[in-house]
Amino acid sequence: MKKNVWLLAFLAFFSLAFAQQKAEDVIKAQCEKASVVAELWHGFRGGAPRAALENLAVEFNKMHEGKGCVRPISQGGYRDLSTKIKAAFAAGNLPALAQAFENNIALYLEADALMPLDDVISDLDQLNPLFVNVVRFDGKLYGLPFNKSVQILYFNRDLLSKHGLKVPKTISELIEDAKKISAAEGEPVYWLRPDTSTFAYWFFNMGGNYLHDGKIVVNSPEAVKALETLVAGIKDGWAKAITSGYINQNFGNGVYGFSTDSSAGYSYYLKAAKFDLGIATLPGNGGKPGLGLVQGTDLIIFEDASDAQKKLAGEFINFVSSPKAQALFSAATGYVPVNLKAIEEPALQDYLMDNPDFKVVIDQANYAAFEPAIAEWEQIRFDILGQAIKEAVLGKALPKEALDKAQKQIEDLLSGRIR
Ligand code: FGO
């Protein structure tokens, strides 16, 4: 009996997800009637993540009818979001709630703008400690891990079968398979976006570490080797750089074989694939999966909010991190359930029964790597390191030269700052 109730809740959640306009309209009406409104600025443009977040808000607001309402407002993508938050600091119109990467938290803490969440989060011991660890600054919690993704291997099952190959388990197998299939197909089949996220997979699994004695280092031998591998992939014809849009947006534009990408892309990949899409834990160095970069954001509460907004925002973060909410959110999007109890929820159990592949996301979360959580990291990862990776992959600079230049730029940026 119970199972059916869960199934119905689950179906309702998904059906709402397809009626996007409806969720937004419902929230608008809910907020018009509420005495306390807490805005939640986020970086989801659309798709399943935005729909799932809005559906959670609808459910939360129903429970607080007339009294309180959380209103998610898309600010564009993640970087638009942090740009708008920085502008809101100056204008004095910060929202009560927002999504933030750990480095954004470090930046906002320089202005003492965030509310500590130690006394707000009710079931901290249920949350994945890997994610909790990175939102702790000077011993205090400043973020609620909410939509945390991990990189996974996406692959074209039809193509692997056609060439009689098994899913690669090690990095050398991935390269070998990509080489074999690319040679046979006459075009590169490992697709990559030349950015810091893709680079991270290769870098971390070649033993790289961005922090050396508290200093950021992007031109270590491991970094050079990682970038040289990608550049060699392009030159040798097994890797293809996708320079516009997400990988899933480029399906149909060539022979796709593999990519190492965020688990939050799963709903997008599934929708776009005209082939049998497979997912697997990342190829590693033998024995166990490779490390996957954790991306996605945490929820933060700004100190500027009123006491009533803070109280409501606190209730919201507990609601969205509850086992049930995380079970639904994770199944709808491909984000890792941040609540360890979510896996026991009938909703997620049922989903796993129908989609056994999804276990990959949960397994991969045990092999996670993080970028440094320093205030300048966003600028570094896009404007400095990201630029260097792009230049090298697109053949405009040699890997070592590009990374040496990036290192110098980082040192210039950070000079004069004590960390
Ligand atoms: C994205 C970005 C950061 C930082 C990492 C940082 C800022 C990276 C990477 C740059 O939530 P994730 O895992 O995945 C995103 C999710 C919601 O949009 O779905 C993914 N997506 C969306 C549309 C689509 O067609 N396909 C698809 O996969 C989307 O990537 O976050 C991963 C991608 C990037 O945005 O280009 O996190 N990232 N660290 N961004 N601002 N700051 O420190």
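The model is a predicted one. Glycine 286 sits in the loop between strand S12 (277-280) and S13. Lysine 162 is 124 residues away from glycine 286 in sequence. In space, the two C-alpha atoms are 25 Å apart.

## Overall build

The protein has 419 residues. Its secondary structure comes to 17 helices and 14 strands. The radius of gyration is 22 Å. A compact globule with 419 residues would have a value near 22 Å, so the two agree. Along the principal axes, the C-alpha atoms fill a box of roughly 65 × 60 × 35 Å.

Among contacts with a separation of 6 or more, 77% join residues 24 or more positions apart.

## Surface and charge

Buried residues make up 56% of the 419. The accessible surface comes to about 18,000 Å². Carbon and sulfur atoms account for 52% of that surface.

There are 43 positive side chains and 49 negative ones. The centres of these two sets lie 3 Å apart.

## The disulfide

How many disulfides does the protein have? The count comes to 1. The bond joins cysteine 31 to cysteine 69, with an S to S distance of 1.7 Å. Cysteine 31 belongs to helix H2 (residues 20-33), and cysteine 69 to strand S2 (residues 68-74), so the pair ties together parts 38 residues apart in sequence.

Is this disulfide left-handed or right-handed? The torsion about the S-S bond is about -40°, so the disulfide of cysteine 31 and cysteine 69 is left-handed. Cysteine 31 and cysteine 69 are both buried.

## Two aspartates with positive phi

Most residues other than glycine have a negative phi. Aspartate 138 has a positive phi, near 50°. Aspartate 138 is placed in the loop between strand S4 (136-137) and strand S5 (140-141). Is aspartate 138 buried or exposed? Aspartate 138 is exposed, because its relative accessible area is 85%, and the cut-off for exposed is over 50%.

Aspartate 213 also has a positive phi near 50°. The loop that holds aspartate 213 runs between strand S8 (211-212) and strand S9 (215-216). With a relative accessible area of 86%, aspartate 213 is exposed.

## Threonine 297 in strand S13

Threonine 297 lies in strand S13 (residues 292-301). Its relative accessibility is 1%, so threonine 297 counts as buried. Which residues does threonine 297 contact, leaving aside neighbours within four places in sequence? They are Tyr78, Gln99, Ala100, Phe101, Pro145, Phe146, Asn147 and Lys148.

Glycine 43 is 254 residues from threonine 297 along the chain. Their C-alpha atoms are separated by 9.1 Å.

## Phenylalanine 60 in helix H3

Phenylalanine 60 is part of helix H3 (residues 47-63). At 1% relative accessibility, this residue counts as buried. Setting aside residues up to four places away in sequence, phenylalanine 60 touches Val70, Leu312, Glu315, Phe316 and Phe319.

Alanine 98 stands 38 residues from phenylalanine 60 in sequence. The distance between them in space is 16 Å, C-alpha to C-alpha.

## Proline 95, a buried loop residue

Where does proline 95 lie? It is in the loop between helix H4 (78-91) and strand S3 (97-100). Proline 95 counts as buried, because its relative accessibility is 4%, and the cut-off for buried is under 20%. Its contacts, apart from neighbours within four places in sequence, are Glu39, Trp41 and Phe302.

Threonine 281 is 186 residues from proline 95 in sequence. From C-alpha to C-alpha, proline 95 and threonine 281 are 37 Å apart in space.

Definitions and conventions:
Residues are numbered from 1 along each chain as its sequence is written. This is a predicted model: local features need pLDDT of at least 70, side-chain atom pairs count only at pLDDT 80 or more; totals for chains, interfaces and linings use all residues. Side-chain values use heavy atoms; hydrogens and water are left out. Helices (H or I, at least four residues) and strands (E, at least two) are DSSP runs, numbered from the N terminus. The radius of gyration is taken over C-alpha atoms; the globule rule is 2.2 Å times the number of residues to the power 0.38. Buried means under 20% relative accessible area, exposed over 50%, partly exposed in between (1.4 Å probe, protein chains only). Contact means heavy atoms within 4.5 Å. Accessible areas come from the Shrake-Rupley method with a 1.4 Å probe; for residues, only the protein chains shown count as cover. Lys and Arg count as positive and Asp and Glu as negative; His and the chain ends are not counted. The place of a charge is taken as NZ of Lys, CZ of Arg, CG of Asp or CD of Glu. A disulfide is a pair of cysteine sulfur atoms within 2.5 Å.
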